[in-house]
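Subject: Structure for you to look at

Hello,

Here is the structure I promised to send. Please open it beside this email; my notes follow below.

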Amino acid sequence: MMTEYQVICADSHVNPPPDFWQDYLPPALREMAPKIEHGDDADYVVFEGRRKKLNLIGAQAGRDGKDFKMEGRLSDMRGGGWLPDERLKDMDTDGLDAAVMFGGGPLATSNDDLYIESFDAYNRWLADFCDYDTKRLAGVAYLPMRDVDESIAMLKRMAARGFRAVNIPAFPQSKSLKSMETAGGAQVVALTGNPHGELQYDDSSFDRFWAAVVDLDITITIHLGARMARWNEPRFFLSDLLMTKFSMAEPIAILIFGGVFQRFPKLRFASIESGVGWFAFAAHYMDMTWKKQRFWTKNGLTEPPSFYMDQNVYGSFIHDKPGIFTRHLPGAKNIMWSSDYPHSETTFPHSRESIADLFEGVPEDEKYEIVCGRAKRLFGIG
């Protein structure tokens, strides 16, 4: 049994095949689940009157950039995305001792029962995946955030199932499924929420949720949800990808200025796949503006924003030397390395080489915290 860890990936992904829903949804809903049809040119996902080619943007591990395929067949997807034994082999190849697993769910549906049950179905599938080796595979459950009571009930079920972290949308969701943007698929529904909704996470109505999170000793994450890249529009994809990182500052700022971390000092909140090179700038900028603007805005913080960044906020990165350079500045200390396997930005199968390049000249004790120690504690690994 592994008792020592040297490298932990703070952000890996699973890619459950679209037909897994047939096994994990309640029997009464299985006929409504997505189905796979094999076409001459690709495999197609058929769901609620839509027939789309299987998207491969999240399954590029092992390919050079010039060989990326955006659409294709299940056989084009790397087995480590859904087969735990294959995942462990790839982790061994890449020199990873453990990995934190994020993934796909719920279903992008307007059917309320199917929508809620798909959260539970995905989370149960992920729990089974990680049960293959709980010393090396740590799953992050997904929660809806459209109703506080609903979210608390599901949070408690996930904690009882053994999850130590849950992912929520970057912003609260609309209560009406019909008002959700489903064109981007399940990930949009799970990760974004409604940035223009009447309530945001700093509203006191969410305090019961944050209190439950603290009581259950759960880490909360958000994952590239403040803005989603238009992966199906090459003209915008590269510029969108940059903005997916920076836009994560908005939900963090809402939580800080809204006093959530002041009210719940033990709340752990992680911004995943956002990069961290902007953390120090964001903390400094918020400090400067708060000092000048807090009086007329009647802001009730008792400490500057950078204090709460260092107390409560964590972040993961893939390629981010600026984040490493600024690790000692206020607001930027809680940073963690990740491989992003098997997505298109992944360092696989050269993660050890990437780490060596990124951390050249960094003291070993500081490097250990960023590539292992911090993630180990935050996600309760081992």
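A residue is called buried when its relative accessible area is under 20%, exposed when it is over 50%, and partly exposed in between (1.4 Å probe, protein chains only). By that rule Ser-316 is buried, with a relative accessible area of 0%.

Two points on the source. This is a predicted model: local features need pLDDT of at least 70, side-chain atom pairs count only at pLDDT 80 or more, and totals for chains, interfaces and linings use all residues. Residues are numbered from 1 along each chain as its sequence is written, and side-chain values use heavy atoms, with hydrogens and water left out.

Ser-316 sits in strand S12. Helices (H or I, at least four residues) and strands (E, at least two) are DSSP runs, numbered from the N terminus. What does Ser-316 touch, not counting residues up to four places away in sequence? The list is Ala-10, Asp-11, Ser-271, Ile-272, Glu-273, Ser-274, Gly-275, Val-276, Met-336 and Ser-338. Contact here means heavy atoms within 4.5 Å.

Ser-247 is another buried serine, at 15% relative accessible area. Its place is the loop between H7 and helix H8 (249–257). Leaving aside neighbours within four places in sequence, Ser-247 contacts Ala-226 and Arg-227.

**Helix H14**

H14 covers residues 364–378, 15 residues in total. From first C-alpha to last it reaches 20 Å, close to the 21 Å expected at 1.5 Å a residue. That expected span is 1.5 Å times one less than the number of residues. Where does H14 bend? The bend is at Ile-370, by about 50 degrees. It is the angle between axes fitted to the seven residues ending there and the seven starting there.

Ile-370 is also one of the buried residues of H14. The buried residues of H14 pack against strands S1 (8–13), S10 (219–223), S11 (268–272), S12 (313–317) and S13 (335–337), and against helix H13 (351–358). Just after H14, Gly-380 takes a positive phi of about 60 degrees.

**Helix H4**

H4 runs over residues 148–160 and has 13 residues. It reaches 18 Å from its first C-alpha to its last, close to the 18 Å expected. Its buried residues are Val-148, Ser-151, Ile-152, Met-154, Leu-155 and Met-158. An α-helix has 3.6 residues a turn, so residues three or four places apart point the same way. The buried residues of H4 pack against helix H3 (112–131), strand S8 (141–142), strand S9 (165–167) and helix H6 (207–215).

**Salt bridges**

How many salt bridges does the structure hold? There are 16. A salt bridge is a side-chain nitrogen of Lys or Arg within 4 Å of a carboxyl oxygen of Asp or Glu.

- Arg-51 pairs with Glu-37, the closest N and O atoms being 2.9 Å apart. Arg-51 lies in strand S4 (residues 50–55) and Glu-37 in strand S2 (residues 35–38), so the pair ties together parts 14 residues apart in sequence. Arg-51 is partly exposed at 47%, and Glu-37 is partly exposed at 34%.
- Glu-345 pairs with Lys-245, with closest N and O atoms 3.4 Å apart. This pair links distant parts of the chain: Glu-345 is in the loop between S13 and H13, Lys-245 is in helix H7, and they are 100 residues apart. Glu-345 is partly exposed at 23%, whereas Lys-245 is buried at 14%.
- Lys-321 pairs with Asp-357, with closest N and O atoms 3.7 Å apart. Lys-321 lies in helix H12 (residues 321–325) and Asp-357 in helix H13, so the pair ties together parts 36 residues apart in sequence. Lys-321 is partly exposed at 30%, and Asp-357 is partly exposed at 43%.
- Asp-112, Arg-146 and Glu-150 are linked in a network of salt bridges.

**Surface**

Leu-242 belongs to helix H7 (residues 234–246). At 45% relative accessibility, Leu-242 counts as partly exposed. Phe-295 is in the loop between helix H10 (279–293) and helix H11 (305–312). Is Phe-295 buried or exposed? Phe-295 is exposed, with a relative accessible area of 58%. Phe-295 and Glu-117 are 178 residues apart in sequence and 46 Å apart in space, C-alpha to C-alpha.

Best wishes
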